[in-house]
Amino acid sequence: MVELASLSETGDVQNYVGGTWKRADSDDGQDVINPATGEELAFVPFSSESDVNDAVATGLEAFDEWSTTHVEARIQPLFELKQLLEEHQEELAELLVQEHGKTLPEARGELRRGIENVEVACGIPSMMQSGTLLNAAPDIDESAVRKPLGVFAAITPFNFPGMIPLWFLPYAVATGNSFILKPSERDPLVAQRMFELIDEAGFPDGVVQLVNGSVDTVNTLLEHEDIAGISFVGSTPVAKHVYETAAAHGKRVQAQGGAKNHIIVTETADLEFAAAKTVASACACAGERCLANDVVVVEDAVYDEFTDLVLEEAESQVVGYGLDDGVDIGALITPEHEQHVRNFIETGISEGAELLLDGRDVTVEGYEDGNFLAPSVFAGLETDMVITREEIFGPVFGLMSVADIDEAIDVLNESQFGNAASLFTGSGLDARKFRHRADVGNLGVNVGTSAPMAFFHFGGQRDSFFGDLHAQGEDMIHFYTDKNVYIERWPDN
């Protein structure tokens, strides 16, 4: 079991409601398991409808005062939270590895990305400013004023339990709303520890709250009449459900779905560099991320050479426990998910793709109960194959050959998803074609993983995103506020 001050005496993960730690009012729940060791870390009870109602009512009560608190005062707890997160970053990273399975460097990087969003949200006094037009009509001035809307909730996934809650939380509260986080039930301990720091940072009671749970908890949030908006990150089928259900109940919604991302490699690329970045993109975080590029589209002229370089790089990856030194690929989140990824490998073989590197037989000495897979690499992908079309979410990727950059862009645009893509090239003309023609939200040139910094929104198109306003950056200001237009005239008499 882990040791957190906010856990109950029996090791249960607790909700944080109204500035107080409370166990969910239910005996239903599940164990939190270290995916590398099989060790039980804690138990997470699932919140009931009454638990959610309590959090929403408390958030509404807190909103009345928080929404009228001057903006400079609203960002002071965020400055304190940023400092606390940095002071405890290593502790949080180690906890993240234990409950999620990724490597320690990956956990550190994830938390750094989350902290960047807190930094950006501290600039809300400037970001919330809207336009003013003097003399819009005779003797009339007009201005647009941003106002917060109420209680917002975010439902976040298992794969980035430290970063993704911070895509939403800082912006929601800095703009004057109250906020409820429902983290993944698979790895809720980083959120638990972060809320201990949030408690220390000095937010008024009820402004920031935590409810744990599963499907029933989520549906209660989606349908609750007093929640103004919902943010979600997860798989596409669930994202569609979240978007449709929350929108049907009159809420603002931003729902990030799944992905099937592509790398394009042209004959003018630095092939060694591209091979290293390709393997890192597909296999980092054990492939459990929506920015993993797992379809590699290579121009015919360099296909064989590039394939050899990719295999050499993939074979060098070290699989193991994320807290051990020198590990490149950690554990997958659950045994069920490991089997899910194994099924995709079998599907690829049955479809006729050539399995050049089989990562299924990996063993990690001392961690026989862990959920481990080494990189698996396919060649000869075709666009109609399941492993080319569907998100795998594991360290599995494949290569296909094309005649030129135009065919390569056509291949990636056939995908139902539109989350990310990367191009490796030495040609400015190819880069320009890619920029203008690729129908994808996050584009990178000579960048393995096109992850935007916190002051840009996180893109996503087609079945990778449902909604109008994305996570991070200026989009969050629009999502969490509404504009009132103020028109005034002062006649002489």
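Visitor: Which residue is the bridge partner of Thr132 in β6?
Guide: This is a predicted model, in which local features need pLDDT of at least 70 and side-chain atom pairs count only at pLDDT 80 or more, while totals for chains, interfaces and linings use all residues. Residues are numbered from 1 along each chain as its sequence is written, and side-chain values use heavy atoms, with hydrogens and water left out. Helices (H or I, at least four residues) and strands (E, at least two) are DSSP runs numbered from the N terminus, and two strands pair if DSSP finds at least two bridges between them. Strands β5 (residues 132-137) and β6 (residues 140-148) pair in the antiparallel sense over three bridges; the partner of Leu133 in β6 is Glu142, and that of Thr132 is Ser143.

Visitor: Which residue in the turn between β5 and β6 has a positive phi?
Guide: The two strands form a hairpin, and two residues lie between them. In this turn, a positive phi of about 65° belongs to Asp139.

Visitor: Which residue in β22 stands opposite Arg146?
Guide: Strand β6 is also joined to strand β22 (residues 481-489) by nine bridges, and these two strands run antiparallel. Within β22, the residue opposite Arg146 is Lys483.

Visitor: By how many degrees are neighbouring strands of the sheet β5-β6-β22 turned against each other on average?
Guide: These three strands form an open sheet with antiparallel pairing, and its edge strands, each paired on one side only, are β5 and β22. Angles are taken between axes, which are lines fitted to C-alpha atoms (for helices over the stretch in contact), and run from 0 to 180 degrees between N-to-C directions.

Visitor: Which residue in β18 stands opposite Ile263?
Guide: Strand β12 (residues 261-265) pairs with strand β18 (residues 420-424) in the parallel sense, over four bridges. Across this pairing, the residue opposite Ile263 is Ser422.

Visitor: Which residues of α9 make the contact with α8?
Guide: These helices pack at an angle of about 35°, with their axes 8 Å apart. Contact here means heavy atoms within 4.5 Å, and α8 contributes Asn219, Leu222 and Glu223. From α9 come His241, Val242, Thr245 and Ala246.

Visitor: Which element gives the largest share of the lining of the largest pocket?
Guide: On a 1 Å grid over the protein atoms alone, a pocket is an open set of points with protein on both sides within 12 Å along at least five of seven lines, a cavity is a set where a 1.4 Å probe fits but cannot get out, and lining residues have an atom within 4 Å of a point. The largest pocket holds about 930 Å³ of space, and, of the 38 residues that line it, the closest to its centre are Phe158, Phe232, Gly234, Ser235 and Val238. Two or more lining residues come from each of α8 (215-223), β10 (227-233), α9 (236-248) and α12. The largest share, five residues, comes from α9.

Visitor: How much space lies in the largest cavity?
Guide: A search of the whole structure finds four cavities of 30 Å³ or more. Among the residues that line the largest cavity are Ala259, Asn261, Arg289, Asp294 and Phe393. A volume is the space filled by probe spheres set on grid points, which are joined across faces, edges and corners, and for the largest cavity this is about 60 Å³.

Visitor: What is the volume of the second largest cavity?
Guide: The lining of this second cavity includes Tyr16, Ile198, Phe203 and Pro204. Its computed volume is about 50 Å³.
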